[in-house]
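The following exercises concern the structure shown below.

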Amino acid sequence: QYQLMESGGGLGQPGGSLKLSCSDSGSSLESWSIGWFRQAPGKAREGIVCTNERGTVLHYEDSVKGRFTISRDNAKNTVYLQMNSLPPDDTATYYCAAASSFSACPTYLASPRAWAYWGPGTQVTVSS
């Protein structure tokens, strides 16, 4: 059974950076597309970035393009989300999710229900 876990959240300064990690201690993620989603209070969960199982497909939504970078290290069974130039609007709970469909990224990034496994989320707060 997959048990994704996010880490690296916390308090970030406006204009600053944070790096999130997504890993699974018991199962390999190398055959799965991985997406990062976020949900701010009172808002729907939105997909923001994803990568396919080989890391050859990288997709960014306009809201994070140029500021966020997704990468994966299959040897470490970890997917990273580097977040730069953070504005307060990036405050949200961030989730990673896994999908087995070859075309999940980016086809299903806008459809959270298409992603099979989810981590519990990590809170990111951008504030001075």
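**Exercise 1.** Determine in which element Pro106 is placed, and state the geometry of the peptide bond from Cys105 to Pro106.

Solution. Step one: Pro106 has its place in helix H1, residues 104-107; helices (H or I, at least four residues) and strands (E, at least two) are DSSP runs, numbered from the N terminus. Step two: the bond joining Cys105 to Pro106 is cis, with omega near 0 degrees.

The model is a predicted one, in which local features need pLDDT of at least 70 and side-chain atom pairs count only at pLDDT 80 or more, while totals for chains, interfaces and linings use all residues. Residues are numbered from 1 along each chain as its sequence is written, and side-chain values use heavy atoms, with hydrogens and water left out.

**Exercise 2.** State how many helices and strands the protein chain has, and in which order they run.

Solution. Step one: the count is 1 helix and 11 strands. Step two: read from the N terminus, the order is β-β-β-β-β-β-β-β-β-α-β-β.

**Exercise 3.** Describe the largest nonpolar core, then the contacts of Phe68.

Solution. Step one: a nonpolar core is a set of buried Ala, Val, Leu, Ile, Met, Phe, Trp, Tyr and Cys residues joined through side-chain atoms within 4.5 Å. Buried means under 20% relative accessible area, exposed over 50%, and partly exposed in between (1.4 Å probe, protein chains only). Step two: the largest such core holds 25 residues, and Trp36, Ile48, Phe68, Leu81, Met83 and Tyr94 have the most contacts inside it. Step three: the elements giving two or more residues to this core include strand E3 (18-24), strand E7 (68-73) and strand E9 (92-99). The largest share, 4 residues, comes from E9. Step four: with neighbours within four places in sequence left aside, Phe68 is in contact (heavy atoms within 4.5 Å) with residues including Arg38, Tyr60, Asp90 and Tyr94. Step five: a second, separate core of 8 residues includes Ala97, Ala99, Leu109 and Trp115.
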